[in-house]
Structures are given as structure tokens and as C-alpha cells.
Amino acid sequence: MLSAGAFPPMMPFVSTLPAISSLVLAILIGAAPAQALVGAHPDARFADRVVMVLLRGGDEAGFCSGLVIDSRTVLTAAHCMKRMQDMAVFYRSADGAPVIVEVERAVAHPAYRPDAIRSRLRSIDVALARTARPLDPRFVPATIGSDGSPSVGDRVILSGYGVTGDGDWKSGGTLRSVTLSVREPPSSVLIWAANPNGATAGACSGDSGAPFWSEDGTTAVAIATWAQAQHARGCGGLTQGPRLAPLKSWIEQAREGLANAL
């Protein structure tokens, strides 16, 4: 079980925009922003395994990041889930054209608790979304870790589409990555990661669901679900998320269930 309430100041990082979904599209289709994530840089290594998950609800719209599990299945944070008609997967084609794929079905982990932080409940903040049609053939299934790595002190790479600073939603929408170090406390179910030298770096709005990769970039070991600033609420201090190895069985069962649902 994951302890989502261990750090009360931490925030779920869905990027929420004060406008309808057409504003999201205007941002994504427009010129590429200068940065994404905090302290990050462009990294095309992960463009075949990471997508955006668009969201809308009421008069707001936003996005999360997602990990490609197969040609029709994306793993993201459960707090990113909306009604099916209010979710879509977004990426760019090989020639740079925007592609939006509707979500057909989705399921959150049964142990997910939306009010975990406020109520100090344990929660597993992961979900799977099945698209209405296959993603572009250039996407490949991510390899998910199966052992206890990484350990405290090991380096990991966080890759996501999030913004450069809390509230700066115009800076999101470009895939970038940042190298962090796993820090204490040691845990078999969670990863806490930060810049080893104390510099500002890590997840921000729009990075919920963004994968942590092994240092060599080959294996997805966790996803980002919460973050905080150096000493307060915000971005770029500490990033937290569930390890994927303990969830591999559920991921496979849920993937098959979504594929076979009537």
C-alpha cells in the first residue's frame, strides 16, 4: 500500500487551465515552449513511450503525462481520471502534426483514494486508460521494472510534459527529462527523488503520470504522482510516486480486463 499522506504539503500535479479544452489544443498545437518539468531539458529518447493525457471538466481543462503500456493502453495517475468523454491521449505524428485519440475505457487501481492527503489514507494513485484506436506504430511498450531497484542514492530519469513552474501552464506540452537521485526514506512501494545537490528540479503541473526511468533510460521504475517545492507547497523540490514493479500483476490484469470488456 502507498502512503500518499506522508507529506501533507505535496500536491497532485494535474495541469489545470482556466479555460475550455480548445485552449489546451491552442497551447499544444502552437509553438513549442522553452522548457518543461523544472530544471529539465529536451530528451527525445522517451518520445516513443510517453504521451499526454488531455482532461476537461466544467469550465476547466488540463493535462497529465502517461506511459505507453501497449498500442492501446496508457498508464497514468489515478487522480488524472475523468469521464471517458472528458479524456483523450495526445501526441504528435512523425511530421509534427497533432494527434488526439479518444479514451474508450479506463480503470483506477482499487486501492486509490481521492481524498488520501486530506484524510491521511493510504492510496495507490495509478490508472490505466484504453484508447479508442491504436496509437501510432512508432510507439513501443515501455519495459517495466521487476526488481527492487532503484535504491536510495541511485539516479533516475523523470520524463514528462509538465510546466516549468507552478501555475506557468503555457510552458508545458514539450517532453523533457531531468536526472534526479532517489532519497530517503527507503521504501519498497514508493520512490522519493530530488536533485542530489539541492538544486531546484523535479515534477510540476502536468507531470502526474510521468515515468521515472532507470539511470540508463531503458526501464520504467515508477510514475510521478506528487511533488513539492524545496521547503513548501509548489514544484521542483521533492517528487514522489509509486514503484511499478509491485504493481506489474495489477497492470497486466487491468490491461487485459480493459481489452476484453464488452
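In the predicted model, Glu104 forms a salt bridge with Arg105, in which the closest N and O atoms lie 3.1 Å apart. Glu104 also pairs with Arg130 in a salt bridge, where the closest N and O atoms are 3.5 Å apart. Because Glu104 belongs to strand E8 (residues 98-108) and Arg130 to strand E9 (residues 127-131), this second pair ties together parts that are 26 residues apart in sequence. With a relative accessibility of 32%, Glu104 counts as partly exposed, whereas Arg130, at 11%, counts as buried. These contacts belong to a network of salt bridges that links Arg72, Glu104, Arg105 and Arg130.

In total, the count of salt bridges comes to eight. Another of these joins the side chains of Asp70 and Arg255, with an N to O distance of 3.1 Å. Asp70 is part of strand E5 (residues 60-70) and Arg255 is part of helix H3 (residues 248-260), so that the pair ties together parts 185 residues apart in sequence. The relative accessibility of Asp70 is 15%, and this residue therefore counts as buried, the limit being under 20%.

Turning to the chain as a whole, the secondary structure consists of three helices and 16 strands. Of the 262 residues in the chain, 56% are buried, and the accessible surface comes to about 10800 Å², with 53% of that area belonging to carbon and sulfur atoms. When contacts between residues at least 6 apart in sequence are considered, 72% of them join residues at least 24 apart.

Key:
Residues are numbered from 1 along each chain as its sequence is written. This is a predicted model: local features need pLDDT of at least 70, side-chain atom pairs count only at pLDDT 80 or more; totals for chains, interfaces and linings use all residues. Side-chain values use heavy atoms; hydrogens and water are left out. Helices (H or I, at least four residues) and strands (E, at least two) are DSSP runs, numbered from the N terminus. Buried means under 20% relative accessible area, exposed over 50%, partly exposed in between (1.4 Å probe, protein chains only). Contact means heavy atoms within 4.5 Å. Accessible areas come from the Shrake-Rupley method with a 1.4 Å probe; for residues, only the protein chains shown count as cover. A salt bridge is a side-chain nitrogen of Lys or Arg within 4 Å of a carboxyl oxygen of Asp or Glu.
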